[in-house]
Amino acid sequence: MSILHVDLNSFYASCAVADSGGKYTPETPLIVCGDPKKRHGIVLAATYPVKRRGVRAGMPVWQALSLCPGAVLVPPEYGRYVEYSGAFMNIIRSYSPVTMRYGIDESYIDYHGCEHLFGTPEQAAHTIRERVKRELSLTVSVGVGDNMTMAKMGSDYKKPDAVTVVNAENWGRLMWPLPVENLMYVGRASARRLRSMGIFTIGDLARQDPAAMRAMFGVNGRAMWERANGRDDTKLVSEPERQKSLSHSTTLEHDACGDAAVCAALLRQTEQAAYRLRRAGLRAAVAGVQLRYADLQYESAQKTLPHVTDVTDELYAALRPLALSLHQGRAVRQIGVSFGRLTGDAEQLSLFETARHTRMRALDEATDALRGKYGFDVVRRMSTLGYTHTEKDDFTPFARH
């Protein structure tokens, strides 16, 4: 039991409570959201009294208020979340030389060999929980397990402000009764398919024939079966703190219904994300697009690029067919782009690609210089002039991997 997973509870909402100077408490029904008068009036986070009323992230604010009429609405403060996350990670790193950030509000700790410093893994988990509360006024749930799956499932098992030990002896008793969608990496589509097969709980999945699961779901079927049985041989590798991905998305002022409107919004998001890439001195090897439709259904797609790049036109050329293949004429409410496998390495181009790449890079450099001096909107591409975005774009400071 030497892997810990530490998860900040209801992070955005807890930061709002901590920053309120006593105005709010963890029992205040508080919702962090976009402007409810605008189209980006979506719940980002909520305190537990609100969650117990059925409010969840991604829900429109009007719907959340119908479930919890007296809730306090506060805007997001992304800069503060990054600051709190940095302070949280400083605490985490003081308990082991091997840690792995998992998003802005979670981290794994490989505790092997640290027992002589801070006691047993369970004792260290309680020490971390108490220290985060004392120093940051935030609460965490900590899972202590034999592997990464056990640790993550343990931190999810009891919230908020709790420590749960999960091992081979109690795995079946604790985890098997849970719904199958509670298992790590079982998404909504997989859960629906599993339920159609009569597999409703993690225990049901664990008792399946692993060969049959592989035949039905491919490699992921075997992996799901392994995790349902508490097996995970993934090695926790501490990596230098460097950005691995970048994303940018926004909720549109009006639904985009035609290909032209979707492409205009997509180009706008690509421009903004590519600008951030270049400012960070990074290039992407993978590009992805995410669409949320008027009915709040969500779809995404991604592809590996022929070469790493930070050039807007090359990134957009990869994203456009992905977006159109998802769109299929449906009304799009929110659109986002993401870039992964980031690197500071130079592009490896063929002789035929070099000329156009050089022209497009020169265009980006010229517009970047103007935007850096006068603001991003000082330059607009003709095809995006009819596109209007909301006042505040959504922002993912750290993406999970």
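Helix α1 (residues 11-18) packs against helix α4 (residues 78-93) at an angle of about 95 degrees, and their axes are 10 Å apart. Angles of 65 to 115 degrees count as roughly perpendicular, and α1 and α4 are therefore roughly perpendicular to each other. Axes here are lines fitted to C-alpha atoms over the stretch in contact, with angles running from 0 to 180 degrees between N-to-C directions. Helices are DSSP runs (H or I, at least four residues), and strands are E runs of at least two.

This is a predicted model: local features need pLDDT of at least 70, side-chain atom pairs count only at pLDDT 80 or more, and totals for chains, interfaces and linings use all residues. Residues are numbered from 1 along each chain as its sequence is written, and side-chain values use heavy atoms, without hydrogens and water.

From α1, Phe11, Tyr12, Cys15 and Ala18 meet Tyr78, Tyr81, Tyr84 and Ser85 of α4. Contact means heavy atoms within 4.5 Å. Seven of these contact residues are nonpolar, one is polar and none is charged.

Helix α7 (residues 148-157) is largely enclosed by the rest of the structure, because eight of its 10 residues are buried. Buried means under 20% relative accessible area (1.4 Å probe, protein chains only). Among the buried residues are Met148, Met150, Lys152 and Met153.

Asn167 sits in the loop between β8 (162-166) and α8 (171-175). Asn167 is buried too, at a relative accessible area of 15%.

| Side chain | Backbone nitrogen | Distance |
|---|---|---|
| Asn147, oxygen | Thr149 | within 3.2 Å |
| Asn167, polar atom | Glu169 | 3.1 Å |

The Asn147 contact lies at the start of α7.

Technical notes:
Parallel < 35°, antiparallel > 145°, perpendicular 65-115°, else oblique. Nonpolar A, V, L, I, M, F, W, Y, C, P; charged D, E, K, R; others polar. Buried < 20%, exposed > 50% of the residue type's maximum accessible area, 1.4 Å probe, protein only. Polar contact = N/O pair within 3.5 Å; in protein donor to acceptor, adjacent residues only side chain to side chain.
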